[in-house]
Amino acid sequence: VTALFLPERIFANRQHTLTGTFNNASGKKWIYLNGPGGKEDSVVVVGNGVRSFCLSFSPRQSGNLLYKLTITDTTGQSEQENIPFPVWEAAKLNILFIQSYPTFETQYLKNFLSHQRHKLVLRYQLSQNNFRYEYANRTPVQITRLRKIALNEFDLVILDNNALQKLSDAEKNIIKESIQSGLGLLM
């Protein structure tokens, strides 16, 4: 291996690629990338000279992990190198759901995101001025009207079309301003 290129930051539970070049003297070689959980990816290098390769991996935990790069030829001879990978924990998001009514998909997404330790507020509109709230990984807060100061607390708003139509023009403008300030919106 003549060069290795790692991503600048490696995050847990995301797919990344390790690229590099390999100077093949002769024959066919296999390059394997093994992580703490076992084999991650492999590639075959054929032909003499410098060849590029790309290996994918997805670390399952954060911390300083040790990966192994193994090169094996057709005779079964192999060489192995250890590569330390600093793996970062993915950022936890504050997410606000604004829904007309609960759905199976929303409940599944809520369970998935809360298991990932994201902070969630779910608001369902039961009637004109009556809302039902659910919370995960955070203290309860009631948001009856969308205000800029309330939206500043969140990284992402997940909004369904029916709930969007029930928002006032002022609330829609506040969402637009918040998006320009960095708020994410998923409809």
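The structure holds five aromatic pairs, a pair being two rings of Phe, Tyr or Trp (its six-membered ring) with centres within 6.5 Å, called stacked if the planes are under 30 degrees apart, edge-to-face if over 60 and tilted for the rest. The model is predicted: local features need pLDDT of at least 70 and side-chain atom pairs count only at pLDDT 80 or more, whereas totals for chains, interfaces and linings use all residues. Residues are numbered from 1 along each chain as its sequence is written, and side-chain values use heavy atoms, with hydrogens and water left out.

One of these pairs is formed by Phe57 and Phe85, which are tilted, at 4.9 Å centre to centre and 50° between the planes. Because Phe57 belongs to strand E6 (residues 49-57) and Phe85 to strand E8 (residues 78-88), the pair ties together parts that are 28 residues apart in sequence. Helices (H or I, at least four residues) and strands (E, at least two) are DSSP runs, numbered from the N terminus. Both Phe57 and Phe85 are buried; buried means under 20% relative accessible area, exposed over 50%, and partly exposed in between (1.4 Å probe, protein chains only). The rings of Phe131 and Tyr133 have their centres 6.4 Å apart and their planes at 50°, so this pair is tilted. Phe131 and Tyr133 are buried as well. Phe57, Tyr67 and Phe85 form one aromatic cluster.

Charged side chains also lie over aromatic rings, the criterion being NZ of Lys or CZ of Arg within 6 Å of the ring centre and within 35 degrees of the ring normal. Arg9 lies over the face of Trp88, at 3.8 Å from the ring centre. The charged end of Arg14 is placed over the ring of Phe11, 4.7 Å from its centre.

In soluble globular proteins, nonpolar side chains tend to be buried together. A nonpolar core is defined here as a set of buried Ala, Val, Leu, Ile, Met, Phe, Trp, Tyr and Cys residues joined through side-chain atoms within 4.5 Å. The largest such core has 17 residues, and those with the most contacts inside it are Ile31, Leu33, Leu55, Phe57, Leu69 and Phe85. At least two residues of this core come from each of strand E3 (16-24), strand E4 (28-35), E6, strand E7 (63-73) and E8. E7 gives the most, with four residues. Apart from this core lies another, of 16 residues, including Ile143, Leu146, Leu151 and Ala163. When residues up to four places away in sequence are not counted, Phe85 touches Leu6, Ile10, Phe57, Gly63, Asn64, Leu65 and Tyr67, contact meaning heavy atoms within 4.5 Å.

Helix H1 (residues 104-115) has twelve residues and reaches 17 Å from its first C-alpha to its last, close to the 16 Å expected at 1.5 Å a residue; the expected span is 1.5 Å times one less than the number of residues. Thr106, Lys110 and Leu113 of H1 are buried. Seen down the axis of H1, the buried residues fall within an arc of 75°, so they line one face of the helix, the arc being that of the directions from the helix axis to the C-beta atoms. On the other side of H1, Phe104, Glu105, Tyr108 and His115 are exposed. The cover over the buried residues of H1 includes strand E9 (94-99), strand E10 (119-127) and strand E11 (130-136). Just after H1, Arg117 takes a positive phi of about 70°.

Positive phi values also occur at two asparagines. Asn13, in the loop between strand E2 (10-11) and E3, has a phi near 65° and is partly exposed, with a relative accessible area of 45%. Asn137, in the loop between E11 and helix H2 (148-151), has a positive phi of about 60° and is partly exposed at 40% relative accessible area.

Two further residues were examined. Glu8, in the loop between strand E1 (3-5) and E2, is exposed, with a relative accessible area of 82%. The C-alpha atoms of Glu8 and Pro86 are separated by 9.9 Å, although these residues are 78 residues apart along the chain. Lys172 lies in helix H4 (residues 169-180) and is partly exposed, with a relative accessible area of 27%. Leaving aside neighbours within four places in sequence, Lys172 is in contact with Leu164, Gln165 and Leu167.
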